[in-house]
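Reader: I have a model open and a few things to check. Can we go through it piece by piece?

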Amino acid sequence: MRILIANDDGIDAAGIALLRQAASRVASDIWVVAPERKWTAASHHLSFDRDLTLTRREQQVYALDGTPADCVVAAMTVLFRDGGRPDLVLSGVNDGRNAAEDAAYSGTLSIAREASFWDVPAIGFSRTKGGASEERDITALAALIENLWQRRALWSREGAYLSVNLPKDLPAEAGLATIGRDKIAGAADVKSDDGERIVWRIRRGRPHTSRPGDENSLIDSGRIAIVRHCWIDGAPLPDGFAAGLNAALSPAPVATAEQ
């Protein structure tokens, strides 16, 4: 079994070290491709506009001067260009939860989403700040990865990937969560405003909005929150929507002299 690990906090982040240790208890063939630096709210940015460089840190471990999503592309198109794609892609462990609208903003989840574009099962791991990386944490995360892998037939399909939010304390009970609303970047701090030029900064943090059964409610209760995302299903519109639209857009009949 071959596992590819990436993250958005950078190759030297504590979370990716935790994930490597846990994954190494599930499989022996571990590859790491991670950004050289931290990317916050990078979303699914791909670097089409410049050359990228992979630098080998150690055997099967590479730092990339690109984005989180670039890391998966680098692995699939460069490192594994002659075959041997991974059986599983793991992302994280992100330093902080990824809930609600973070599904769009998160670099951690962009890695899992990019892997799903290549039809590889993928899991993005995030964790409430303050968690440790002690033996119990490694053991609990390894058991979770192993069980999710063994049960992949129940969650892995075309276009799908998992978002797993870990509580601060592990081990913990797992639960299936709904996607709530907890908008980051919802406020700004104005530094100066002379009427012509406004200097401002997006305020960090989130409101911690929570609904029963959503990711935040499970995380705050000390549980592991699991959500399956799927980009391929879309949001189908009602039957007859296009017919009604076409009827409204059709030009009115032009009257002739005979009429």
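Author: Start with a term: buried means under 20% relative accessible area, exposed over 50%, and partly exposed in between, with a 1.4 Å probe and protein chains only. The model is predicted, so local features need pLDDT of at least 70, side-chain atom pairs count only at pLDDT 80 or more, and totals for chains, interfaces and linings use all residues. Residues are numbered from 1 along each chain as its sequence is written, and side-chain values use heavy atoms, leaving out hydrogens and water.

Reader: Fine. Is Asn 216 buried or exposed?

Author: Asn 216 is buried, because its relative accessible area is 2%. The residue is found in helix 6 (residues 215-220); helices (H or I, at least four residues) and strands (E, at least two) are DSSP runs, numbered from the N terminus.

Reader: Which side chain does Asn 216 join in a polar contact?

Author: That of Arg 97, at 2.8 Å. A polar contact is a pair of N or O atoms within 3.5 Å; within protein, one must be able to donate a hydrogen and the other to accept it, and residues adjacent in sequence count only if both atoms are side-chain atoms.

Reader: And which backbone oxygen does the side chain of Asn 216 reach?

Author: The one of Thr 209, at 2.8 Å.

Reader: Switching to helix 2. How many residues does it have?

Author: Helix 2 (residues 68-79) has twelve. Its buried residues include Cys 71, Val 72 and Met 76.

Reader: What do the buried residues of helix 2 pack against?

Author: Among others, strand 1 (2-6), strand 5 (88-95) and helix 4 (107-117). Contact means heavy atoms within 4.5 Å.

Definitions and conventions:
Expected span 1.5 Å × (residues − 1).
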